[in-house]
Amino acid sequence: MDRLTAQQRHANMAAIRSKDTKPEMIARHGLCKRGFRYRLNHKQLPGHPDLVLRKYRTCIFVNGCFWHGHLVDMQALESSNCCKIPNTNRYFWVEKIRKNKERGREEQRQLAQMGWHCITVWECELKPQKRETTLDSIAFTLNHIWLQDHGARSIPYPKVEEEDMQMSMASERENE
Ligand SMILES: [Zn+2]
């Protein structure tokens, strides 16, 4: 029995979709705890990425499993464990999810063209049991990206000579 009116359901869904949803907060806190700094919902970037880490040239999208049809077989239109397509108005929801997926792909394609890396985190990957592993792996990916962007060649050589000179000067002074 579906006791919600269409309007109530719309309000519920809108609330779920709104900013500062729980998975986003978990991702933010987890990355902050791991020492990463970010901007939120960058308005000038395609798709207004949930988190933008400039230093890592990376945008992170925290995707709701329902809205972005996580693991849904869009050919067979089969629900997945974390995205149950409602039977009521099924066609409407399938279209909505399909469009969201398409839009997401297009936004990430544009970001990639602008030189941004994109990481997608799924809501279900931030559930208590998986949370820490997921956040650790994002941290790992970010560090990997940073190292790739700042290849060994761009790191200046340590100033060995200067240090040696200072040391020898210091020892000379000690001998005086
Ligand atoms: Zn999921």
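Predicted model: local features only at pLDDT ≥ 70, side-chain atom pairs only at ≥ 80, totals over all residues.
Leaving aside its neighbours within four places in sequence, which residues is glutamine 108 in contact with? They are Phe61, Cys118 and Thr120, where contact means heavy atoms within 4.5 Å. Glutamine 108 lies in helix H3 (residues 90-113).

Residues are numbered from 1 along each chain as its sequence is written, and side-chain values use heavy atoms, with hydrogens and water left out.

**The overall fold**

The protein chain has 5 helices and 4 strands, arranged along the sequence as α-α-β-β-β-α-β-α-α. Helices (H or I, at least four residues) and strands (E, at least two) are DSSP runs, numbered from the N terminus. Of the 176 residues, 32% count as buried; buried means under 20% relative accessible area, exposed over 50%, and partly exposed in between (1.4 Å probe, protein chains only). Among contacts with a separation of 6 or more, 56% join residues 24 or more positions apart.

| Residue | Relative accessible area | Class |
|---|---|---|
| Asparagine 63 | 10% | buried |
| Cysteine 82 | 23% | partly exposed |
| Glutamine 108 | 24% | partly exposed |
| Cysteine 124 | 14% | buried |

Asparagine 63 is found in strand S3. Beyond four places in sequence, asparagine 63 is in contact with His68, Thr120, Val121, Trp122 and Glu123.

**Helix H2 and the cores**

Let us turn to H2. Buried residues of H2 include Ile26, Ala27 and Leu31. The buried residues of this helix pack against strand S1 (39-40), strand S2 (51-53), strand S3 (58-63) and helix H4 (128-149). Glycine 35, with a positive phi near 90°, follows H2.

A nonpolar core is a set of buried Ala, Val, Leu, Ile, Met, Phe, Trp, Tyr and Cys residues joined through side-chain atoms within 4.5 Å. The largest one has 16 residues, and Leu31, Phe36, Leu53, Ile60, Leu126, Ile138 and Leu142 have the most contacts inside it. At least two residues each come from H2, S2, S3, strand S4 (117-122) and H4, with H4 giving the largest share, 4 residues. A second, separate core of 8 residues includes Val72, Ile85, Trp93 and Ile97. Back in the largest core, isoleucine 138 touches Leu31, Ile60, Ile119 and Val121, not counting residues up to four places away.

**The zinc site**

The zinc ion has protein donors Cys65 (SG), His70 (ND1), Cys82 (SG) and Cys124 (SG), at 2.0 to 2.4 Å. Donors are N, O and S atoms within 2.8 Å of the metal (3.2 Å for Na, K and Ca); water is not among the atoms, so sites may look incomplete. The donor residues are spaced C-x4-H-x11-C-x41-C. Cysteine 82, in the loop between S3 and H3, and cysteine 124, in the loop between S4 and H4, are 42 residues apart, and the pair links distant parts of the chain. Why is the arrangement tetrahedral? Because the 4 donor atoms subtend angles of 99 to 122°, and four donors count as tetrahedral if all angles lie between 85 and 135 degrees.

Key. Tetrahedral: all angles 85-135°; square planar, octahedral: opposite > 155°, others 65-115°.
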